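Trainee: I've got a new structure to learn. Can you walk me through it?

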Amino acid sequence: MTAFLRVLAVDDEPPALDELAYLLRTDPRVARVHTAGDATEALRLLRDTDVDAVFLDIRMPGLDGMELARVLRRFARPPAIVFVTAYDDGAVDAFDLGVTDYVRKPVRTERLAESLRRVAEARVIPAQRAALARGEDDPTIPVELAGTTRMLPRSAVRWVEAQGDYARLHTADGSHLVRVPLATLAERWADAGFVRIHRSYLVQLRLIAELRLANSGYVVVVDGTELPVSRRHTRELKDRLVRAAKQDWNR
């Protein structure tokens with residue numbers, strides 16, 4: 001099992017926080033565990049750190065866990081939320097917030113493992129499941145993240161940028177540098193809808209929002225980012241976009 005989840009544990013009681021962090025680190029799906037002693041510290045950490053899930057206590061001084069969860073739900077890419085508490089009177093409110101799980105203290109290893117399974121399914125599996133539903137293969141590519149190797153689904157890649165003998169894979173929430181030439185990815189991923197638009201760029205065709213003429217030539221817009229289209233690829237790209245649009249109209 002490959003470690004890939006980044007999690008944050010939040011509890012105002014140091015012994016409980018240490019125990020929760022220890023149990024999280026022992027799970028093979030967890031790549032990194034951050035800790036915070038209260039909601040303020042958690043929010044300060046989350047300003048500069050992306051996590052997949054937050055495991056938090058409910059009853060804490062100041063901003064409590066329920067209030068923190070409401071703040072987290074407003075994030076552009078909200079993490080999965082798992083409440084870890086000694087009380088069960090907040091369960092109804094918790095699930096109204098759409099939390100992933102509600103775990104009672106004392107935390108058992110097997111119960112925490114079930115929560116992590118739910119988190120992993122919520123964070124990674126949907127993209128793969130959607131690809132499978134379309135009858136597509138969705139292979140993974142190993143990427144390095146803070147010293148840990150994570151298996152990134154191809155469906156998560158929005159566009160690719162050449163950087164010498166390397167390629168930078170851009171996803172919705174960041175980028176990853178891999179030791180694979182852009183030309184190799186262009187050949188391997190052509191059947192998955194990736195098209196070469198420039199000697200330095202490869203994009204997922206279905207994610208192109210615009211193709212327009214700019215001062216220096218044509219550009220495409222993917223996730224709000226403008227990427228240059230070289231003259232030699234312009235005609236082919238236009239044809240591909242027209243064919244894709246006609247296929248959508250005929251469905």
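Mentor: Let's take the chain as a whole, then its sheets and helices, then one histidine.

Trainee: What kind of model is this?

Mentor: This is a predicted model. Keep that in mind throughout.

Trainee: Okay. How many helices and strands does the chain have?

Mentor: The chain has 8 helices and 15 strands.

Trainee: And what share of the residues counts as buried?

Mentor: Of the 251 residues, 42% count as buried. Here is one more figure for the whole chain. Take contacts between residues at least 6 apart in sequence: 53% of these join residues at least 24 apart.

Trainee: Let's zoom in on S4. Which residues is that, and how does S4 pair with S3?

Mentor: S4 is residues 80-85, and S3 is residues 53-56. The two pair in the parallel sense over 4 bridges. You can find the partners by eye. Val54 stands opposite Ile81, and Phe55 stands opposite Val82.

Trainee: What about S4 and S5, parallel or antiparallel?

Mentor: Parallel, over 4 bridges.

Trainee: How many residues of S4 are buried?

Mentor: 6 of its 6 residues are buried.

Trainee: Which way do they point?

Mentor: Ala80, Val82 and Val84 point one way from S4. Ile81, Phe83 and Thr85 point the other way. Here's the background: in a regular strand, side chains alternate between the two faces of the sheet.

Trainee: What happens at the start of H2?

Mentor: Asp38 is there. One of its side-chain oxygens reaches to within 3.2 Å of the backbone nitrogen of Thr40.

Trainee: Now H3. Which residues are buried?

Mentor: Gly65, Met66, Leu68, Ala69 and Leu72. Looking down the axis of H3, they fall within an arc of 160 degrees, so they line one face of the helix.

Trainee: And what is at the start of H3?

Mentor: Asp64. A side-chain oxygen of Asp64 reaches to within 3.1 Å of the backbone nitrogen of Met66.

Trainee: Which unit do S3, H3 and S4 make?

Mentor: They make a right-handed β-α-β unit.

Trainee: New topic. What about the sheet with 3 strands?

Mentor: That sheet is open, with the order S13-S14-S15 and antiparallel pairing. The edge strands are S13 (210-214) and S15 (225-228). Direction ignored, neighbouring strands of this sheet are turned by 35 degrees against each other on average.

Trainee: How many bridges are there between S13 and S14?

Mentor: The two pair over 5 bridges, and S14 is residues 217-222. Across this pair, Glu210 stands opposite Val221 in S14.

Trainee: Last one. Where is His198?

Mentor: His198 is in strand S11, residues 194-198.

Trainee: Why does His198 count as buried?

Mentor: His198 has a relative accessible area of 18%, and buried means under 20%.

Trainee: What does its side chain reach?

Mentor: The side chain of His198 reaches the backbone nitrogen of Ser200 at 3.0 Å. Leaving aside neighbours within four places in sequence, His198 is in contact with Pro228, Val229, Ser230 and His233.

Methods: Residues are numbered from 1 along each chain as its sequence is written. This is a predicted model: local features need pLDDT of at least 70, side-chain atom pairs count only at pLDDT 80 or more; totals for chains, interfaces and linings use all residues. Side-chain values use heavy atoms; hydrogens and water are left out. A polar contact is a pair of N or O atoms within 3.5 Å; within protein, one must be able to donate a hydrogen and the other to accept it, and residues adjacent in sequence count only if both atoms are side-chain atoms. Two strands pair if DSSP finds at least two bridges between them. Buried means under 20% relative accessible area, exposed over 50%, partly exposed in between (1.4 Å probe, protein chains only). A crossover is right-handed if, with the strands pointing away from the viewer, the path from the first strand over the helix to the second runs clockwise. The arc is that of the directions from the helix axis to the C-beta atoms. Contact means heavy atoms within 4.5 Å. Axes are lines fitted to C-alpha atoms, for helices over the stretch in contact, and angles run from 0 to 180 degrees between N-to-C directions.
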